[in-house]
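Please look through the chain shown here before reading on.

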Amino acid sequence: MLEHALAADAPFSWCRRMPGYGRAPQPRTWCHDRAVPYVFGVPVDLPLDGPPGKPRQPVVKHADDLLHYAKTRGQWERRSLGDGAKGGRI
């Protein structure tokens, strides 16, 4: 769908994927390779690389380790995604 939208010059500024679908690496790679900004919901235990061009300090093992890349902790905001089968999804 994204490939067709890009080929058709459909007007969009960024891509978003719901939690649960953000685990697949192919859509992230596709967006990164084509310089399409994206926001994907991922579980906190998903292994990730650090931001492109940034050294891995501290080591990024899980999504919540990316908090160290913020200049100040106040740049990050936890949002509720509603209740799930295991309780609140933050």
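What follows is a set of questions and answers about this predicted model.

Residues are numbered from 1 along each chain as its sequence is written. Because the model is predicted, local features need pLDDT of at least 70 and side-chain atom pairs count only at pLDDT 80 or more, while totals for chains, interfaces and linings use all residues, and side-chain values use heavy atoms, with hydrogens and water left out.

Q: What is the mean pLDDT of the chain?
A: The term pLDDT stands for the predictor's confidence in each residue, on a scale from 0 to 100. In this chain 69% of the residues reach 70 or more, and the mean pLDDT is 76.

Q: In what order do the elements of the chain run from the N terminus on?
A: Helices (H or I, at least four residues) and strands (E, at least two) are DSSP runs that are numbered from the N terminus. The chain has two helices and four strands. Read from the N terminus on, their order is α-β-α-β-β-β.

Q: In which element is confidence highest?
A: Confidence is lowest in strand β4, residues 87-88, where the mean is 83. At the other end, with a mean of 87, stands α1.

Q: Is valine 36 buried or exposed?
A: Valine 36 sits in the loop between α2 (25-33) and β2 (38-40). A residue is called buried under 20% relative accessible area, exposed over 50%, and partly exposed in between, with a 1.4 Å probe and protein chains only. Because its relative accessible area is 8%, valine 36 is buried.

Q: Which residues is valine 36 in contact with, leaving aside its neighbours within four places in sequence?
A: Contact means that heavy atoms lie within 4.5 Å. Valine 36 and phenylalanine 12 are 24 residues apart in sequence, and their C-alpha atoms are 9.3 Å apart in space. With neighbours within four places left aside, the contacts of valine 36 are Phe12, Cys15, Trp30 and Cys31.

Q: What is phi of aspartate 9 near?
A: Most residues other than glycine have a negative phi. Aspartate 9 lies in the loop between α1 and β1, and it is exposed, with a relative accessible area of 67%. Its phi is positive, in a residue other than glycine, and lies near 55°.

Q: Where is the place of alanine 35?
A: Alanine 35 has a positive phi near 55°, although it is a residue other than glycine. Its relative accessible area is 67%, so alanine 35 is exposed. Its place is in the loop between α2 and β2.

Q: What distance separates the C-alpha atoms of arginine 17 and tyrosine 38?
A: Arginine 17 is part of strand β1, and it counts as partly exposed because its relative accessibility is 25%. Leaving aside neighbours within four places in sequence, its contacts are Gly22, Pro27, Val39, Phe40 and Gly41. Arginine 17 and tyrosine 38 are 21 residues apart along the chain, and their C-alpha atoms are separated by 8.1 Å.

Q: Which element gives the most to the lining of the second largest pocket?
A: On a 1 Å grid over the protein atoms alone, a pocket is an open set of points with protein on both sides within 12 Å along at least five of seven lines, and lining residues have an atom within 4 Å of a point. The second largest pocket is lined by Met1, Leu2, Ala5, Cys15, Arg16, Arg17 and Tyr21. Both α1 (2-7) and β1 (15-17) supply at least two residues of this lining, and the element that gives the most, with three residues, is β1.

Q: How many residues in the lining of the second largest pocket are nonpolar?
A: Ala, Val, Leu, Ile, Met, Phe, Trp, Tyr, Cys and Pro count as nonpolar, Asp, Glu, Lys and Arg as charged, and the others, Gly among them, as polar. The lining of this pocket has two charged residues and no polar ones, and its nonpolar residues number five.

Notes: On a 1 Å grid over the protein atoms alone, a cavity is a set of points where a 1.4 Å probe fits but cannot get out, and a pocket is an open set with protein on both sides within 12 Å along at least five of seven lines; lining residues have an atom within 4 Å of a point.
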